[in-house]
Amino acid sequence: MMMLSPLQLMFYLAALLAIIASLKVISGKNSVHSLLYLVVSLLAVAVCFYLMGAPFAAGLEVIVYAGAILVLFVFAIMMFGLGQDETLYTPKIASLSIWIGPSCIAIILLAQLVFVIDSSELQEKLTVNIISAKQVGALLYGPYLLAVEIASFLLLAGLIAGYHFAKPDGQDDHLRLHQPSNEKGE
Amino acid sequence: MIDILFKLLEIIIVIALLIPIAAMLVWVERRMIGIWQDRLGPNRVGPIGILQSVADLLKILGKEDWIPPFSDRLVFVLAPVIGAVCVLMSFAVIPFSPSIGVSDLNIGLLFFLAMASLAVYSVVLAGWASNSKYALLGGMRAAAQTVSYEVFMGISVMGVVLLTGTFNLREIVLAQESGWLIQTQFVGFIIFLIAGIAESHRLPFDLPEAETELTAGFHTEYSGLKFALFFLGEYLSVTLISSMSVVLFFGGWLMPEPLDSWLPPLVWFILKVFVFVLFFILLRTSLPRPRFDQLLSFGWKYMLPLALLNLLVTAAFKLTGGFYG
């Protein structure tokens, strides 16, 4: 058994926190508490990224996921007035059959994870080698340009759909606004 | 080992100075508003009222720290702490002078943006955990406002990153030796300042706590020390946004040639920050509060396109070598 360096220790601590927080996300009954644990889990993952030599990815993880997307989740939960005990709304677990699908997927993932941890070739590649923002940018706008463009199309589609839903129904609204004043005039 | 101890000492000194400064700002604000409105302001406690904040602190410590029985206890207690901690963490990456500064993080600017976006949770969760209508409305306003203004706050500082080629705040300051970035990034600065005011929930962007319509918004149910923590967070974030403006656009501790030998760099930095803080206070006394939909449409319809345009023009200039030859 070799001694862990302080950095390794920090990595495992962060990873452990991420796992515990993720477990709390799915075991909690209160949706806001679950979301908070999800934030903690994302922060822990960001620390892992940072320790593995990807500070840019770590920063974006916090800004985009923890700082923006989950705020919107919290916002939605507040809008719908959820947050207390939600077990009332969730269907009762009827039988063991609903566990089969997720379990298969989880087992495949677990096998992959074990393989990755076990393979020494990958271990060598994972030794810290700091990736700067510049490298990330060069990769995104070089070999992965197509992926970036597809993602931006997807976002644009979402934006247009959002605009469409949020737009007041032009004519109806116009009429509704003016009807009362017409009635008064008559 | 001794390095770590020195670093810890530095962190403790920075925090030990920042918190009293933030507390003093309450008095500075009331006194300055008084002077601008042609009255005296608080001038009773100590010489020219300088101990007013100490008196306020004693008063607030003596108050009952009540947790409403209808609230979500855990989140209710956590919310003000998250706010103050996030703002204090941001100070870690700010270079105060050539030798002072807790961390020269390579992604300093991103770290600041990350902490600013995490600080939203404080307000949103306070609003939700209070379980009261005013607080909830305040929290929802805060969420919508902060998420919108965060978007172009990030974009507005990208011009700076483009010109200096780094996220490291110390390197950004050093890159301004030939000239402050305000010369070329004036639009970026204005957008950053507006977004910064919105982030710190100051007037005219204090809709989450608009007294006239929401009593006290997200902190309606808070009292005693927890209320004080919200207050502290607000004044700390005023100081933070001022410091960031100075670092990003006004050359940090740097001063032009004849002036820089008059005072030590740290003093120049503090003076610049103080000017910004006074500007924040002046804004509060002079501007009315917009309606909430006006606030949001202003952000998305004017500020966001402007920030994108600024980025585009800066990139074009950088590419053609227009700025620094």
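# Exercises on a predicted two-chain model

α8(B) passes α12(B) in a left-handed crossing.

**Exercise 1.** State at what angle α8(B) and α12(B) pack, and which residues make the contact.

*Solution.* Step three lists the residues. From α8(B) come B:Val187, B:Gly188, B:Ile191 and B:Ile194, and from α12(B) come B:Met303, B:Leu306, B:Ala307 and B:Asn310. Step four sorts this contact by class: six residues are nonpolar, two are polar and none is charged.

**Exercise 2.** Decide whether B:Ala126 is buried or exposed, and list what B:Ala126 touches.

*Solution.* First locate the residue: B:Ala126 sits in helix α5 (residues 120-129) of chain B. Next count neighbours. B:Ala126 has 30 C-beta neighbours inside 10 Å, and a residue is buried at 20 or more, so B:Ala126 counts as buried. Then list the contacts, leaving out residues up to four places away in sequence: B:Ala79, B:Pro80, B:Ala135, B:Gly139, B:Phe218 and B:His219.

**Exercise 3.** Decide whether B:Asp38 is buried or exposed, and say what its phi is near.

*Solution.* B:Asp38 belongs to the loop between α1 (2-36) and α2 (52-62) of chain B. Its count is 6 C-beta neighbours inside 10 Å; the limit for exposed is 12 or fewer, so B:Asp38 counts as exposed. Its phi is near 65 degrees, which is positive although the residue is not glycine. As a general rule, most residues other than glycine have a negative phi.

**Exercise 4.** Find how many residues of chain A are in contact with chain B, and which helix of chain A gives the most.

*Solution.* Start with the counts: 16 residues of chain A are in contact with 18 residues of chain B. Helix α3 (residues 55-79) of chain A contributes the most to the chain A side, with 13 residues. By class, that side has 13 nonpolar, three polar and no charged residues.

**Exercise 5.** Say where in chain A the confidence is lowest and where it is highest.

*Solution.* Chain A has eight helices and zero strands. The mean pLDDT of the chain is 77, and 75% of its residues reach 70 or more. The lowest confidence is in helix α8 (residues 170-185) of chain A, with a mean of 48, and the highest is in helix α7 (residues 145-166) of chain A, at 90. Over residues 177-186 of chain A the pLDDT is below 50, and this stretch has zero contacts in the model beyond near neighbours in sequence.

Methods. Residues are numbered from 1 along each chain as its sequence is written. Chains are lettered from A and ligands numbered from 1 in the order in which they are written. This is a predicted model: local features need pLDDT of at least 70, side-chain atom pairs count only at pLDDT 80 or more; totals for chains, interfaces and linings use all residues. Two residues are in contact if their C-beta atoms, placed from the backbone, lie within 7 Å. Helices (H or I, at least four residues) and strands (E, at least two) are DSSP runs, numbered from the N terminus. Ala, Val, Leu, Ile, Met, Phe, Trp, Tyr, Cys and Pro count as nonpolar, Asp, Glu, Lys and Arg as charged, and the others, Gly among them, as polar. Axes are lines fitted to C-alpha atoms, for helices over the stretch in contact, and angles run from 0 to 180 degrees between N-to-C directions. A crossing is left-handed if the near helix is turned anticlockwise from the far one by less than a right angle, and right-handed if clockwise. pLDDT is the predictor's confidence in each residue, from 0 to 100.
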